[in-house]
Amino acid sequence: MSSTAPAKSPRAAPKGQQTKAAIVDAALNLAAQVGLEGLSIGAVAELTQMSKSGVFAHFGSREELQISVVREYHHRFEQEVFYPALTQPRGLPRLRAMFANWMKRTTTEIDSGCIYISGASEFDDRPGPVRDALVESVSIWQAAVLRAVRQSQEEGHLQTEADARQIAFEIHGLILALHYEARFLRVDGSVDRANTGFDNILARSATPDAPPAAPPAPTRKLRTVR
């Protein structure tokens, strides 16, 4: 008997990749609502109308499914927030674009939930591959924000003696505060306050050569609890 494996159909790999992508998409939507811990092979199988064994065959474990969701979330985050900002000039225009894109995504996630924030709550004290994937993704984004701040200093838009890490820290803190205020407390005006906070952070370190900010885009009206 020949030991040569039968040739695979040329469509087998693409179809498998499409099926896996559909599973990840469904799992990501589910995780946005119930968190990464709420994911299960059974729940995703039901959502995609597949068998549990069919879903399992693509990932091999619940943990691998969770990691795939984290990576897909990160990919979409980069496509929506980071890469479009690169079309702007280095310095404050690019940093402002990054924050504006981040805010745009955040306001849509006030209803659906953010994988980074919910994942941090679920896995902050639980070492393992899922936590590692989350930490890697968030760290990549934080490094991008820090790099944009330092480029703003290099371009003469922010004072060179300003603490770049502190600026990046405070910018990240605005997004966390916005999720808490808008998603959890449903406080009116949270988006406007986050944008004002960003402007205040930059104003403290701006130089006379700092380019002016573009007029703010209309903000989304959020539901509030009376």
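Me: What makes the backbone oxygen of leucine 36 and the side chain of glutamine 66 a polar contact?

Reply: A polar atom of the glutamine 66 side chain lies 2.9 Å from that oxygen. A polar contact is a pair of N or O atoms within 3.5 Å; within protein, one must be able to donate a hydrogen and the other to accept it, and residues adjacent in sequence count only if both atoms are side-chain atoms. The 2.9 Å pair is therefore counted.

The model is predicted: local features need pLDDT of at least 70, side-chain atom pairs pLDDT 80 or more, while totals for chains, interfaces and linings use all residues. Numbering runs from 1 along each chain as its sequence is written, and side-chain values use heavy atoms, without hydrogens and water.

Me: Why is glutamine 66 called buried?

Reply: Its relative accessibility is 4%, and buried means under 20% (exposed is over 50%, partly exposed in between; 1.4 Å probe, protein chains only).

Me: Why is the ring pair of phenylalanine 77 and tyrosine 116 called tilted?

Reply: Among the eight aromatic pairs, this one has centres 5.6 Å apart and planes at 55 degrees. Rings of Phe, Tyr and Trp (its six-membered ring) pair if their centres lie within 6.5 Å; under 30 degrees is stacked, over 60 edge-to-face, the rest tilted. So 55 degrees gives tilted. Phenylalanine 77, at 2%, is buried, and tyrosine 116, at 10%, is buried too.

Me: What makes the pair of phenylalanine 99 and phenylalanine 198 stacked?

Reply: The planes are at 5 degrees and the centres 4.0 Å apart, so the pair is stacked. Both residues are buried.
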